[in-house]
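Please keep the sequence and the coordinates at hand while reading.

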Amino acid sequence: MAEKKSGISYEQIIKDLKARKFAPVYVLMGDESFYIDKICDFISENVLKPEEQDFNQTVVFGADVNAMQVVDMCKGYPMMAEYRVVVVKEAQNLRNLEPLEKYLLNPVKTTILVLCHKNGSIDRRKKFIPQAEKVGVVFESKKLYDRQLPGFIETYLKSRKSTIEPKATQMIADHIGADLHRLTSELDKLLISLPEKDRRVTPELVEKKIGVSKDFNAFELRSAIINRDVYKANLIIKYFDGNPKSGSLYALLPILFSYFQNLMIAYYAPNKQNENELAKFLDLRGTWAVRDYITGMRNYSGMKVMEIIDKFKEVDAKSKGLDNPFTSAGELMKELIFFILH
């Protein structure tokens, strides 16, 4: 059995599981269900052999059982197998964890209990979490920030012996967002289409397989705004107006706001022109990303950036119906882009 695992990463958990270093309990919790499902599926599919699972693997839902019933399942012993696996899905519906807390004082060594607690985390001030950390694994799965998505995409493809061009990365991140289940599904679609001799994802491939235009997308709009290219920005906005599914106000606002928010921070950097230092100051993954901020500081004054950020807040409020009975989302987007560029 594994020793206490506190603050452990997803990668380390999977590494230990592959090495068959099992803990008596895995508390998987948080707002990002992707990693919770991945760990749970790995345990369900790999701890026991297929022929052992019928008698030694139990899967229940938190709404259908109580904690005492789960404890009773855990106290059973394996039949002609090394382990017994008890999986509780939707464990956030378990009302009282006290019986489980008591069970973890002396857990059955041949039982592996997996609690999948989604849409939030168990309060760490409760005794259950410290007790679970003493004997097993507590893993908190947090939603990725938008700025973390390009890194996730690159790492996911690298682990499958493929690469991706920066523009293609941003196209996918902007189009799909932080839904990791959908994101990995689309990446898998791209991987299947890659030829063996060229494992590189290009903007053209993203356009063809995911349906994001390589010329009219959030990445290109952001680029046009950064470079203060009025003509190109207006072309893209006109395209979005005629193809609402390609780019809506609600999808574009966070992407553009995030850029100008970071641009405001960039003005406070000790050395604004040194790419490496500015990348570190803005917590960016590489110098290629920092060039957008150097260009932005050249094209927009600090005062203008402050005014743009205020405009974002105004447009966001109007998009939610505040002091805006008539203006459509498309018109609000045109108003915002015009204000930014002029």
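D123 is partly exposed, with a relative accessible area of 29%; here buried means under 20% relative accessible area, exposed over 50%, and partly exposed in between (1.4 Å probe, protein chains only). Its side chain meets that of R125 in a salt bridge, with 3.0 Å from N to O, where a salt bridge is defined as a side-chain nitrogen of Lys or Arg within 4 Å of a carboxyl oxygen of Asp or Glu. R125 is exposed, at a relative accessible area of 77%.

The model is a predicted one, in which local features need pLDDT of at least 70 and side-chain atom pairs count only at pLDDT 80 or more, whereas totals for chains, interfaces and linings use all residues. Residues are numbered from 1 along each chain as its sequence is written, and side-chain values use heavy atoms, with hydrogens and water left out.

By the salt-bridge rule the count comes to 21. One of these joins E32 to K143, the closest N and O atoms being 3.7 Å apart. Because E32 lies in the loop between β2 and α2 and K143 in the loop between β6 (137-141) and α7, this pair ties together parts that are 111 residues apart in sequence. Helices (H or I, at least four residues) and strands (E, at least two) are DSSP runs, numbered from the N terminus. E32 is buried, with a relative accessible area of 2%, while K143 counts as partly exposed at 45%. Leaving aside residues up to four places away in sequence, E32 touches S141, K142, K143, A178 and L180, contact meaning heavy atoms within 4.5 Å.

K334 belongs to helix α17 (residues 329-341) and D241 to helix α12 (residues 230-242), so the pair ties together parts that are 93 residues apart in sequence. Both K334, at 31%, and D241, at 40%, are partly exposed. Salt bridges that share partners also join K311, E314, K318 and E335 into one network.

At the level of domains, the assignment, which is automatic or taken from a database, gives domain 1 (10-141), domain 2 (146-210) and domain 3 (218-341). The centres of domain 2 and domain 3, taken over C-alpha atoms, are separated by 23 Å. Nine residues from domain 2 and seven residues from domain 3 make up the contact. About 840 Å² is buried between these two domains, 58% of it on carbon and sulfur atoms; buried area is the accessible area (1.4 Å probe) that two parts lose on being put together, summed over both.

Which residues form a salt bridge with the closest N and O atoms 2.5 Å apart? They are K167 and E220, and the rule finds one salt bridge across the interface of domain 2 and domain 3. On the side of domain 2 that touches domain 3, the elements giving two or more residues are α7 (149-158) and α8 (166-176). Of these, α8 gives the most, with five residues.

How does α8 sit in the structure? Eight of its 11 residues are buried, so α8 is largely enclosed by the rest of the structure. Among the buried residues are A168, M171, I172 and D174. Just after α8, G177 takes a positive phi of about 80°.
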